Amino acid sequence: MTNWQYILVLGVAFSGLADSMVSAETPAPTGDAAIVSPDAKVETLWVDKGFTEGACVDTDGIIYFSDINFSGGKGKIMAFDPATGKTTVFSADSGQSNGLMIDQKGRMLAACGANNGKQCLARISKKGTPKCLVGKFEGKKFNAPNDLVIHPKGWVYFTDPRYVGFEPLELDHMSVFRYDPKDKTVHRVTTDIGKPNGVVVSPDGKTLYVAETDNGLSGLEKDPPKNPKRRMTFNAFPIKADGSLGKKKVLVDFGTKENGIDGMTVDQQGNIYAAVRAESRFGIVVFSPEGKELAYIPTPELPTNCTFGVGKDASTLYITAGSGLYRVPCKIPGFHPSLPLKK
């Protein structure tokens with residue numbers, strides 16, 4: 001499967017203006033006004049020519065996000081400073097990072113994919129250099145780690161699908177894994193998700209939400225089938241005391257015709273903000289823990305992920321979509337399960 005075919009499969013919109021501006025053509029949010037005002041505007045902060053993903057926030061309020069290079073070149077991690085409005089390069093070679101998150105000790109972790117990437121769960125140094133923490137399961141390379149979430153107990157849950165990349169597939173499954181930093185072990189925690197994508201934990205630490213974004217392709221096809229067998233679902237797993245997962249509950253089934261959820265985040269009330277990539281209705285959809293739609297925030301381009309700010313910015317939702325970074329004011333502060341927030 002070529003990079004261009006991958007882009008057609010997942011959907012990537014064009015690059016736009018680089019300067020911060022309000023996206024005038026984006027429809028207004030709908031749904032519960034206690035979550036997002038119908039007058040809220042999506043603001044464009046930064047746009048380039050890449051593919052943005054994996055937004056996360058640090059204790060100082062800096063928003064980091066991945067800028068993936070599908071041509072096989074080096075991916076980057078960018079840093080947006082809400083105080084200055086400036087976006088700079090934090091890592092010039094991210095190992096093709098996708099999902100990012102700051103752990104309890106203030107260190108950045110990254111899910112690094114394939115296509116000349118590191119194919120591992122990595123730690124990014126203060127200088128922007130990735131170092132693999134774990135790159136194999138039972139002696140076999142990961143497919144292409146995609147997204148991650150750090151549990152309040154320190155466990156790192158990460159997803160391992162394959163959407164793009166020329167590297168041979170060594171594993172015969174695409175799963176969610178748990179990395180335990182204390183003993184540096186890795187455990188497979190799902191067997192019933194065909195192709196996991198976004199992952200996030202509930203504020204009480206008792207539920208793991210997993211997006212199944214199964215496009216029916218391995219990422220290696222030279223001639224992808226026209227009608228691959230697809231499965232797009234939003235799922236909840238109870239988290240047991242030892243970090244393993246209980247029985248899956250399907251909260252939303254998006255069907256097989258359009259794409260479902262990519263990345264996700266949560267607010268302090270436990271609502272899930274999901275980047276839905278269905279071309280007929282794409283944007284951030286806010287779900288209750290039971291899977292009921294509460295609000296909808298249209299985005300200028302097909303979204304990939306989102307995160308909340310901190311401090312005075314705690315109710316601002318930052319969104320990676322297409323080739324840009326955007327933000328929109330919301331009403332409920334976000335929840336960051338591992339962030340060592342400053343007092």
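Select Asp67 and Lys76: the two form a salt bridge, with the closest N and O atoms 3.9 Å apart. The model on screen is predicted. Asp67 is buried, at a relative accessible area of 5%, while Lys76 counts as partly exposed at 25%.

Next, select Arg178 and Asp180. They form a salt bridge whose closest N and O atoms are 2.9 Å apart. Arg178 is buried, with a relative accessible area of 6%, and Asp180 counts as buried at 11%.

Move on to Glu293 and Arg281, a salt bridge with its closest N and O atoms 2.7 Å apart. Glu293 belongs to strand β25 (residues 293-298) and Arg281 to the loop between β23 and β24, so the pair ties together parts that are 12 residues apart in sequence. Glu293 is partly exposed at 36% relative accessibility, and Arg281 is partly exposed at 35%. The count of salt bridges comes to 6.

Show the 6 strands in the order β2-β25-β24-β23-β22-β29; they form an open sheet with antiparallel pairing. Colour β2 (30-31) and β29 (334-335): these stand at the edges with a single partner strand each, so one side of each has no neighbour in the sheet. Then zoom in on β22 (residues 261-267), which is joined to β29 by 2 bridges. Select Asp267 to find its bridge partner in β29, Gly334.

Finally, turn to the surface and select Lys105, Arg123, Lys131 and Lys184, which gather in a patch of positive charge. Lys184 sits in the loop between β16 (175-180) and β17 (185-188). Its relative accessible area is 65%, so Lys184 counts as exposed.

Terms used:
Residues numbered from 1 in each chain as written. Predicted model: local features only at pLDDT ≥ 70, side-chain atom pairs only at ≥ 80, totals over all residues. Heavy atoms only, no water. Pairing = 2+ DSSP bridges. Helix = DSSP H or I, 4+ residues; strand = E, 2+ residues; numbered from the N terminus. Patch = residues over 30% accessible without salt bridge, like charges linked within 9 Å, V, L, I, M, F, W, Y side chains within 5 Å. Areas by Shrake-Rupley, 256 points an atom, 1.4 Å probe, with all protein chains shown as cover. Salt bridge = Lys/Arg side-chain N within 4 Å of Asp/Glu carboxyl O. Lys, Arg positive; Asp, Glu negative; His and termini not counted. Charge placed at Lys NZ, Arg CZ, Asp CG, Glu CD. Buried < 20%, exposed > 50% of the residue type's maximum accessible area, 1.4 Å probe, protein only.
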